[in-house]
Amino acid sequence: SPTVKVGSDIAREFRQYEHRYPMLSLANTYNFDELRDFDARLRKVVTGPVEYVCELKFDGASISITYINGLMTTALTRGDGTRGDDVSANIRTISTIPVVVKAPNLPDEFIVRGEILMPRAVFRRINEERSKEGLNLFANPRNAAAGTLKTLDPSIVASRNLECIFYFLLGESLPFRTHYKNLILASMWGFSTDSHTEVCSNIGEVIEYINKWDTKREELPYDTDGVVIKVNSIDQQIEAGYTAKSPRWAIAYKYKAEQALTRLLSVSYQVGRTGTVTPVANLD
């Protein structure tokens with residue numbers, strides 16, 4: 001463990017490496033008509049009936065971890081999608097992420113991708129501690145998780161009880177040709193996956209899943225902001241291909257942002273280093 005080594009293990013900077021598979025963004029939608037259009041476009045370019053996998057979209061920091069011969073080698077942040085920061089030392093302190101994977105017929109090399117999360121209860125506890133110490137509070141669990149992941153001291157990361165939910169298994173020789181079966185396999189290898197993920201046989205079932213979780217997601221210990229819809233068949237994913245920015249076989253349905261009323265106390269003005277003046281609303 002990097003937290004029990006003799007001497008200092010605090011890095012001065014993170015090394016960057018290229019992602020073997022680019023970490024592209026997902027196209028977003030906020031209405032069901034656009035989801036139906038997405039479905040119609042797909043059916044024109046892929047062979048056979050289309051099956052979807054619906055996954056809750058957790059609001060955290062993305063991570064891509066490579067394993068060779070069952071051993072974790074590198075853990076990269078998303079970065080710019082092409083290159084990411086190597087935060088392997090920090091990832092090794094998260095107890096729910098396997099450092100060694102032992103399983104029959106394990107591929108020589110594979111990559112798992114997931115979302116680093118801070119549970120709401122941990123977020124509240126940390127902010128209470130920071131308040132007592134007179135430190136600035138974290139804005140939300142996502143920012144807290146992302147900021148913790150980029151901390152240069154792994155012992156701080158270890159103390160913050162981060163977790164990870166994995167949503168993707170990648171590799172040249174995966175056992176199954178469907179995304180869902182590979183996810184189940186990853187969970188059998190010891191990776192935490194979301195038990196609420198479902199396979200839907202048509203876009204109507206996808207919409208039912210979205211409606212079900214619109215309010216039910218508030219019961220979860222983590223923040224979510226939508227649902228990710230992916231084509232289940234890997235062969236159909238290959239058929240559909242990619243745009244310059246995102247896969248054509250996946251889309252994110254975003255829930256409406258939470259809203260509340262507050263009072264505008266005053267407006268102040270900040271001058272940036274280039275001389276730009278920005279008005280700032282000070283809210284109750």
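At what angle do helix α1 and α7 pack, and how far apart are their axes? Hello everyone, let me start there. This is a predicted model, and in it α1, which covers residues 32-45, packs with α7 at an angle of about 145 degrees. Their axes are 10 Å apart. The crossing of α1 and α7 is right-handed.

Who makes that contact? On the α1 side you can pick out F32, L35, R36 and D39, and on the α7 side I203, V206, I207, I210 and N211. Sorted by class, the contact has six nonpolar residues, one polar and two charged.

Please keep N211 on the screen for a moment. N211 lies in helix α7, and its relative accessible area of 44% makes it partly exposed. If you look for G190, 21 residues away along the chain, you will find its C-alpha atom 30 Å from that of N211.

Before going further, a word on confidence. The chain averages a pLDDT of 92, and 96% of the residues score at least 70. Confidence is lowest in α5, with a mean of 91, and highest in β9, at 98. Do look carefully at residues 5-11, where the pLDDT is below 50. Beyond near neighbours in sequence, that stretch has eight contacts in the model.

Now to the salt bridges. Side chains of opposite charge can pair when their charged atoms come close. How many salt bridges does the structure hold? There are twelve, and I would like to walk you through a few.

Let us take D59 and R142. Their side chains meet in a salt bridge, with N to O at 3.3 Å. The pair links distant parts of the chain, 83 residues apart: D59 sits in the loop between β3 (52-58) and β4 (61-68), while R142 belongs to helix α4, residues 141-149.

The next pair is D85 with K150. Here the closest N and O atoms of the salt bridge are 2.8 Å apart. Why does D85 count as buried? Because its relative accessibility is 12%, and buried means under 20%. K150, at 37%, counts as partly exposed.

K212 forms a salt bridge with E198, and the closest N and O atoms are 2.8 Å apart. K212 is partly exposed, with a relative accessible area of 36%, and E198 counts as partly exposed at 30%. There is also a network to find: R20, E109 and E172 are joined by salt bridges that share partners.

Next, let me show you H179. H179 lies in helix α6, which spans residues 179-188. It counts as buried, because its relative accessibility is 3%. Which residues does H179 touch, leaving out those up to four places away in sequence? The list runs V53, E55, Y167, F168, K230, V231, N232, I234 and Q237.

Finally, two asparagines with a backbone detail to notice. N105 has a phi near 55 degrees, a positive value in a residue other than glycine. You will find N105 in the loop between α2 (88-91) and β7 (109-117), where it is exposed, at a relative accessible area of 75%. N161 likewise has a positive phi near 55 degrees. N161 is in the loop between α5 and β8 (163-170), and at 40% relative accessibility it counts as partly exposed.

Key. Residues numbered from 1 in each chain as written. Predicted model: local features only at pLDDT ≥ 70, side-chain atom pairs only at ≥ 80, totals over all residues. Heavy atoms only, no water. Salt bridge = Lys/Arg side-chain N within 4 Å of Asp/Glu carboxyl O. Helix = DSSP H or I, 4+ residues; strand = E, 2+ residues; numbered from the N terminus. Buried < 20%, exposed > 50% of the residue type's maximum accessible area, 1.4 Å probe, protein only. Axes fitted to C-alpha atoms, helices over the stretch in contact; angles between N-to-C directions. Left-handed = near helix turned anticlockwise from the far one by under 90°. Contact = heavy atoms within 4.5 Å. Nonpolar A, V, L, I, M, F, W, Y, C, P; charged D, E, K, R; others polar. pLDDT = per-residue confidence, 0-100.
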